[in-house]
There are 2 protein chains.
Amino acid sequence: MKIITISREFGSGGRELGKRLANIMNFDYYDSEIIAAVAKKSGLDPNYVEDKLNNHGWHNFPITFRSTIGSATYMQSSKVALLLEQKRVIEEIATLGKNCIIVGRNADVILKKYNPFNIFVYAAVEAKIKRCTERASESKQLTEKDLVQKMKEIDKIRSQTRDILSGSDWGQRDAYHLTINTSDWDIKDLAPAVAAFANSWFGRKS
Amino acid sequence: MKIITISREFGSGGRELGKRLANIMNFDYYDSEIIAAVAKKSGLDPNYVEDKLNNHGWHNFPITFRSTIGSATYMQSSKVALLLEQKRVIEEIATLGKNCIIVGRNADVILKKYNPFNIFVYAAVEAKIKRCTERASESKQLTEKDLVQKMKEIDKIRSQTRDILSGSDWGQRDAYHLTINTSDWDIKDLAPAVAAFANSWFGRKS
């Protein structure tokens, strides 16, 4: 089984890269399916789950809680419970034994024992602004200043969530096999290049 | 003209990657030739030049000197003069107009206007120790502890030199197009994968 995980700065094109890679490599692709599964299990609305997991920070999160995160008894509807359920869904995906690509959600940490190929994508702020305003309808309604603020907030939440889940730093290169600057790329051109690289990695002798 | 620059942590296989890439892509490869040119110009022994540039730190280097680095009047045999001469040699290489690969020496910063494809390679400490003790004869004589110490020192000098030359951080991903973890790779297998990726980058539409 081959697993590719893609961690990404908000606006750097990680999701599009994941979809295109899955298409080129004929891998399963997991993104909103994970949210849907978490929502179903918890009996909550998928939009609520997505918003809670991705857009809400960890203000007032007790540091000491880290040591007890293994226990899911904390309020069922809380961010932590959703995060643990999301982790369980991701682990379940891996047990299917099929080649797949998972974008975000710290899948690289959660599925470490399967030795996934871990990618991190990022871009210069200007490139991310351009991508967001061209692609995402909700970003079009934001001023550039607000968009940059939103990028920072979401990346901060991603970083905090990773720290809480694994104690490791989000975006730190040691965790990844390949770190790609998407600034000068059309993702459509980048995807086949990454697919070829990933195939070399999976096919390497060592 | 296509230029590839490779910045690298000591022991991560950057030099071998550069040589193999040059071979696969039929690019000129510059490494010790740069030292030889600097030595010739300055009338110094190449071994002295190499040692001075790569193995000597910037202790006691006055911070205020940064603003006057453009002036080469500082002691002719000093590290700064050698660094400036090295910069000039690298600029001269680019004026030849031939596809080339330059390893280290902040060529990515020096040749920025030519829009080179900039790679950074790194590896886990254990992988670097393994590579060094297997390949480099001088590393075999060091204890593991001394080797790790040497790695740290050389990487620190590279970082300081970059800061002095460009005011930018060495190893910070923003400066590179592709950042590769060589830990799980045999460079022989990695090189064709990187060559294909670089070709995609040079051939992209945007």
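Let me start with A:Asp155 and what surrounds it. Leaving aside neighbours within four places in sequence, A:Asp155 is in contact with A:Arg8, A:Glu9, A:Phe10, A:Lys128 and A:Trp170, where contact means heavy atoms within 4.5 Å. The residue lies in helix H8 of chain A, residues 144-166. Helices here are DSSP runs of H or I with at least four residues, strands are runs of E with at least two, and both are numbered from the N terminus. A:Asp155 counts as buried because its relative accessibility is 12%. Buried means under 20% relative accessible area, exposed means over 50%, and partly exposed is in between, with a 1.4 Å probe and protein chains only.

Before going on, a word on where this comes from. This is a predicted model, in which local features need pLDDT of at least 70 and side-chain atom pairs count only at pLDDT 80 or more, while totals for chains, interfaces and linings use all residues. Side-chain values use heavy atoms, with hydrogens and water left out, residues are numbered from 1 along each chain as its sequence is written, and chains are lettered from A and ligands numbered from 1 in the order in which they are written.

Back to H8. Which residues of H6(A) meet H8(A)? They are A:Val125, A:Lys128, A:Ile129, A:Cys132 and A:Thr133, and on the H8(A) side they meet A:Glu144, A:Leu147, A:Val148, A:Met151 and A:Asp155. Helix H6 of chain A covers residues 125-135, and its axis comes within 11 Å of that of H8(A), crossing at roughly 105°. Axes are lines fitted to C-alpha atoms, for helices over the stretch in contact, and angles run from 0 to 180 degrees between N-to-C directions. H6(A) and H8(A) are therefore roughly perpendicular to each other. On this scale, under 35 degrees is roughly parallel, over 145 roughly antiparallel, 65 to 115 roughly perpendicular, and the rest oblique.

Another helix pair in chain A is H2, residues 32-42, with H3, residues 46-55; the axes come within 9 Å and cross at roughly 110°. That makes H2(A) roughly perpendicular to H3(A). At this pair, A:Ile35, A:Val38, A:Ala39 and A:Ser42 in H2(A) meet A:Pro46, A:Val49, A:Glu50 and A:Leu53 in H3(A).

Now the chain as a whole. How many helices and strands does chain A have? There are nine helices and five strands. In sequence order the pattern is β-α-β-α-α-α-β-α-β-α-α-α-β-α. Chain A has 206 residues, of which 50% count as buried. Among contacts in chain A with a separation of 6 or more, 72% are between residues 24 or more positions apart.

B:Ser7 lies in strand E1 of chain B, residues 3-8. Is B:Ser7 buried or exposed? It counts as buried, because its relative accessibility is 6%. Not counting residues up to four places away in sequence, B:Ser7 touches B:Asp108, B:Ile119, B:Phe120, B:Val121, B:Trp170 and B:Tyr176.

By contrast, B:Leu96 counts as exposed, at 53% relative accessibility. B:Leu96 sits in the loop between helix H4 (79-95) and strand E3 (100-103) of chain B.

A:Arg105 has a positive phi of about 65° although it is not a glycine. A:Arg105 is in the loop between strand E3 (100-103) and helix H5 (107-110) of chain A, and it counts as buried at 11% relative accessibility. In chain B, B:Asn106 also is not a glycine and has a positive phi, near 55°. B:Asn106 is in the loop between E3 and helix H5 (107-110) of chain B, and at 9% relative accessibility it counts as buried.

On to the cores. A nonpolar core is a set of buried Ala, Val, Leu, Ile, Met, Phe, Trp, Tyr and Cys residues joined through side-chain atoms within 4.5 Å. The largest has 52 residues, and those with the most contacts inside it are A:Ile4, A:Leu21, B:Ile4 and B:Leu21. A second, separate core has 20 residues, including B:Ile35, B:Ala39, B:Ala107 and B:Ile110.

Last, the two chains together. Chain B can be laid on chain A with an RMSD of 0.0 Å by a turn of 180° and a shift of 0.0 Å along the axis, with copies superposed by least squares on the C-alpha atoms of residues with pLDDT of at least 70 in both. That is the relation of a two-fold axis. In chain B, B:Thr179 comes closest to the rotation axis, at 2.4 Å for its C-alpha. Of the interface residues of chain B, 100% are also interface residues in chain A, so the copies meet through the same surface.
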